[in-house]
Amino acid sequence: MIYLHRKKAILAGIAFILILSPWVIRNSLLHKRLTGIETSMGYNLYLGYYPQGNGSFIFGPSLDLLAIMDDAERDEVGTQKAFGFIKAQPARIVPLAINRLGFFFGLEKRVLMYFYSNDLLGYIPARILFVVAFALLLPFVIISISALFGFSLLKWNPQTKLLGLLFFAYLLPHVFILSEDRFHLALIPYFSILAALLWTGGFGGISACWNGSLTGRVFVALAVVGAIFLFLNWGFELSRDADKIAQLFGPNGNNSHFSY
């Protein structure tokens, strides 16, 4: 990509450096050491590897480090504690990574559950609440599944490889640090483009891809496997939260008072 668009790539890199440099200089002077534009890594690692955690955000421990007002100190303390958790229980690294991958592609239902269960919206009859939940959750299901198959239709070139690299580079840190279902929202515009590729090409495009080459068959097969894993992930998520969902749809669901 850099070779094909060398001048534009260099200009983009210079612009990137010019935009970030003032903040890096400012933070480094403030904390008296080289500091980037982000100092929440330690805090996120602390939550992601908390011994009683599951790799995602948990309310109680999320308050532990907030008493430390200095961002750099909070980052350092959180990092030290997180590495302590990892050394004490290294076998948790892989299970937590799998958990985070599931959380990343989870259904974004927490906002509805939090606001409704704390009576911010008042009582909503179960039928209407079901329609609201359906309307909030179904679009992601449709777009993500469609995007998988749309991705298999891409013709590989530097641009599409860059798109694949973007997905990988964005997902990987969340898998090994901290993940929530809302984190996938940044990728929805790209998912929508891939979904539109499937919708405009129709299933005939999938058939042509399957019959066109071995590589096409591999990508379509991977899309099918990915779709199966997504449905399994959502099924496990709904099963895991079944008691809360049942309580939410009950007669006093708006007073369930779930934590965020």
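Let me start with a bend: helix H6 has a kink of about 30° at Leu137, shortly before the proline Pro139. The bend at a residue is the angle between axes fitted to the seven residues ending there and the seven starting there. This is a predicted model, in which local features need pLDDT of at least 70 and side-chain atom pairs count only at pLDDT 80 or more, while totals for chains, interfaces and linings use all residues. Residues are numbered from 1 along each chain as its sequence is written, and side-chain values use heavy atoms, with hydrogens and water left out.

Now the overall picture. The chain has 10 helices and zero strands; helices (H or I, at least four residues) and strands (E, at least two) are DSSP runs, numbered from the N terminus. Along its principal axes, the C-alpha trace spans about 60 × 60 × 35 Å.

Back to H6, residues 126–152. Its 27 residues should span 39 Å at 1.5 Å a residue, and its end C-alpha atoms are 39 Å apart, so the two agree. The expected span is 1.5 Å times one less than the number of residues.

What does H6 meet in H8? Among the H6 residues in contact are Phe140, Ile143, Ala147 and Phe151, and the H8 side includes Phe191, Leu194, Leu198 and Trp199. Contact means heavy atoms within 4.5 Å. By class, this contact has 15 nonpolar, four polar and no charged residues. Here Ala, Val, Leu, Ile, Met, Phe, Trp, Tyr, Cys and Pro count as nonpolar, Asp, Glu, Lys and Arg as charged, and the others, Gly among them, as polar.

As for geometry, the axes of H6 and H8 (residues 188–212) come within 6 Å and cross at roughly 60°. Axes are lines fitted to C-alpha atoms, for helices over the stretch in contact, and angles run from 0 to 180 degrees between N-to-C directions. That makes H6 oblique to H8. Angles under 35 degrees count as roughly parallel, over 145 as roughly antiparallel, 65 to 115 as roughly perpendicular and the rest as oblique.

H8 also packs against H7 (residues 158–176), at an angle of about 140° and with the axes 12 Å apart. H7 and H8 are therefore oblique to each other. Leu163, Leu166 and Phe167 of H7 make the contact with Tyr190, Phe191 and Leu194 of H8. Its classes are six nonpolar, no polar and no charged residues.

Last, an earlier pair. The axes of H2 (residues 41–48) and H3 (residues 71–88) come within 7 Å and cross at roughly 30°. That makes H2 roughly parallel to H3. Met41, Gly42, Tyr43, Leu45 and Tyr46 in H2 meet H3 residues including Arg74, Asp75, Lys81 and Phe85.
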